[in-house]
Amino acid sequence: MRTIVKTGLPEDDSPIEWAIRAENNVYTAQIPINANGSIETGSAYQQAALTFQNLKKTVEAAGGTMGDVTQVIVYLTTKDAFADMNKAFSSAFTKPYPNRATLIVAGLMVPGACIEITATCHLKK
């Protein structure tokens with residue numbers, strides 16, 4: 001059974017949810033969206049840090065912690081953003097880190113964003 005995780009992140013008319021819980025697993029995609037619904041277009045570090053903060057809000061809303069995140073796939077629009085993303089990732093997680101893949105893509109659907117992530121969490125309950 002699938003249930004929507006109420007994240008508190010801004011909602012819009014897109015046919016998507018910020019996160020879905022299926023039994024003890026949470027599946028989510030995150031972007032650098034501010035609480036007011038605007039997209040953070042600052043530095044790669046600012047965007048990455050906000051994206052991981054949004055992931056934390058989502059995981060906590062589902063009843064977990066960042067330690068429950070098992071995999072993160074990171075999409076960046078330029079290699080130049082990798083070091084800043086890695087710094088934000090290191091601040092968001094502790095060892096053992098989740099499995100991670102990072103891809104450089106031609107663009108993202110969100111104008112001004114240089115990062116988007118997908119993540120999977122396995123909750124204990």
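My entries on this structure follow.

**Ground rules.** I'm working on a predicted model, so local features need pLDDT of at least 70 and side-chain atom pairs count only at pLDDT 80 or more, while totals for chains, interfaces and linings use all residues. Residues are numbered from 1 along each chain as its sequence is written, and side-chain values use heavy atoms, with hydrogens and water left out.

**Core.** I started with the largest nonpolar core, which has 26 residues. Here a nonpolar core is a set of buried Ala, Val, Leu, Ile, Met, Phe, Trp, Tyr and Cys residues joined through side-chain atoms within 4.5 Å. Buried means under 20% relative accessible area, exposed over 50%, and partly exposed in between (1.4 Å probe, protein chains only). Which members touch the most others? I noted Phe52, Leu55, Val69, Val72, Met85 and Phe93. Helix H1 (44–61), strand E4 (69–76), helix H2 (82–92) and strand E6 (115–122) each put in at least two residues. H1 gives the largest share, six residues. For the record, helices (H or I, at least four residues) and strands (E, at least two) are DSSP runs numbered from the N terminus.

I then zoomed in on valine 72, in strand E4. Valine 72 is buried because its relative accessible area is 0%. Its C-alpha sits 6.6 Å from that of alanine 101, 29 residues away along the chain.

**Salt bridges.** How many salt bridges does the structure hold? I get two, taking a side-chain nitrogen of Lys or Arg within 4 Å of a carboxyl oxygen of Asp or Glu.

Buried or exposed for aspartate 68? Its relative accessibility is 6%, so I count aspartate 68 as buried. Lysine 124 comes out exposed, at 73%.

**Negative patch.** Glu11, Asp12, Asp13 and Glu17 form a negative surface patch. The patch rule takes residues with over 30% relative accessible area and no salt bridge, joining like charges within 9 Å and nonpolar side chains (Val, Leu, Ile, Met, Phe, Trp, Tyr) within 5 Å. I looked up glutamate 11: it is in the loop between strand E1 (2–4) and strand E2 (19–22). Its relative accessibility is 70%, so glutamate 11 counts as exposed.

Where is the cis peptide bond? I found it joining lysine 95 and proline 96, with omega about -5°. Proline 96 lies in the loop between H2 and strand E5 (99–104).

Glutamate 23 is in the loop between E2 and strand E3 (25–30), and is exposed at 64%. Lysine 125 is 102 residues from glutamate 23 in sequence, yet their C-alpha atoms are 8.7 Å apart. Lysine 125 belongs to the segment after E6 and is exposed at 61%.

Notes: Areas by Shrake-Rupley, 256 points an atom, 1.4 Å probe, with all protein chains shown as cover. Lys, Arg positive; Asp, Glu negative; His and termini not counted. Charge placed at Lys NZ, Arg CZ, Asp CG, Glu CD.
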